[in-house]
Amino acid sequence: MDRANESQFLKAFDEYADALFRHCFFRVSDRETAKDLVHETFTRTWDHLARGKEVREYRAFLYRTANNLIVDFYRKKKAVFLEEISDAEKNTLFYDERGEKEVQDDARRVLSEIKKLPEDYQRVVTMRYIDGMSPKEIAEVLGESENAVSVRIHRGVEKLRATLAILWTR
C-alpha cells in the first residue's frame, strides 16, 4: 500500500472512529460488541486497500461495512435483546427546560422506541438523527436512491411520533 492510501486511511480513522462506535453501540447496545465491530470495519477497510483497491468516499464505505457487520452479528445471534442505553449522560439529543432526569428518561424512551421500529426504518432514522447524516449520504451508504431513503426516514419518523404520542399521553 502506498503512503497516500495509508495517510487517507489514518485520516479516516481519526475522523470517523468515534462516530462509527456510537452508531454501532446504538445498533447493538453493547460496548464490547460495538468496539469489535468498529475494529473489524477498519480491519476490512485496511485489507481492501492492501489488495490494491481504492475507497473513493470513506464515510460511506465505512458505514456500509459497519452496517453489513451489524447485520451479520444479528444473523449469528439468534435472540435479539434490546437494552436501554445506560450512559444517559451521553444522550444529548434532546434538551428542554425540564430537569435533567426527565430529559434523560425521555431520551431513553425515544431511543428504546427507535429500536422497536422495523429494521429498514430504524437504520435510516438512526443514521439521520443520531449519526447526523444527510439523506444523500445515507443513500450512498445503503446503495439506494436518495428519494427512497427520504421516504423511509419520513415514514419511520411518523411511526415514531405516533408511538411516542400514545406513550406520552398515558
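User: What makes the pair of side chains His 23 and Asp 131 a polar contact?

Analyst: The two side chains come to 2.4 Å. A polar contact is a pair of N or O atoms within 3.5 Å, where within protein one must be able to donate a hydrogen and the other to accept it, and residues adjacent in sequence count only if both atoms are side-chain atoms. The value of 2.4 Å is within that 3.5 Å limit, so the label applies. Do keep in mind that this is a predicted model, where local features need pLDDT of at least 70, side-chain atom pairs count only at pLDDT 80 or more, and totals for chains, interfaces and linings use all residues. Residues are numbered from 1 along each chain as its sequence is written, and side-chain values use heavy atoms, with hydrogens and water left out.

User: Which residues does His 23 touch?

Analyst: Leaving out residues up to four places away in sequence, the partners are Tyr 63, Asn 67, Ile 70, Thr 126, Met 127 and Asp 131. Contact means heavy atoms within 4.5 Å.

User: And Ser 29: why is it called buried or exposed?

Analyst: Its relative accessibility is 11%, so Ser 29 counts as buried. Ser 29 belongs to the loop between H1 and H2, and has a positive phi of about 60° although it is not a glycine.

User: What makes Phe 9 and Phe 42 an aromatic pair, and of which kind?

Analyst: Rings of Phe, Tyr and Trp (its six-membered ring) pair if their centres lie within 6.5 Å; planes under 30 degrees apart count as stacked, over 60 as edge-to-face and the rest as tilted. For Phe 9 and Phe 42 the figures are 5.9 Å centre to centre and 85° between the planes, an edge-to-face pair.

User: What makes Lys 115 a charge over the ring of Phe 26?

Analyst: A charge sits over a ring if NZ of Lys or CZ of Arg is within 6 Å of the ring centre and within 35 degrees of the ring normal. Lys 115 lies over the face of Phe 26, 5.4 Å from the ring centre. Arg 128 has its charged end over the ring of Tyr 129, at 5.7 Å from the centre.

User: What is in the largest nonpolar core?

Analyst: It has 44 residues, and Leu 20, Tyr 58 and Ile 138 have the most contacts inside it. A nonpolar core is a set of buried Ala, Val, Leu, Ile, Met, Phe, Trp, Tyr and Cys residues joined through side-chain atoms within 4.5 Å. Helix H1 gives the largest share of this core, 11 residues.

Definitions and conventions: Buried means under 20% relative accessible area, exposed over 50%, partly exposed in between (1.4 Å probe, protein chains only). Helices (H or I, at least four residues) and strands (E, at least two) are DSSP runs, numbered from the N terminus.
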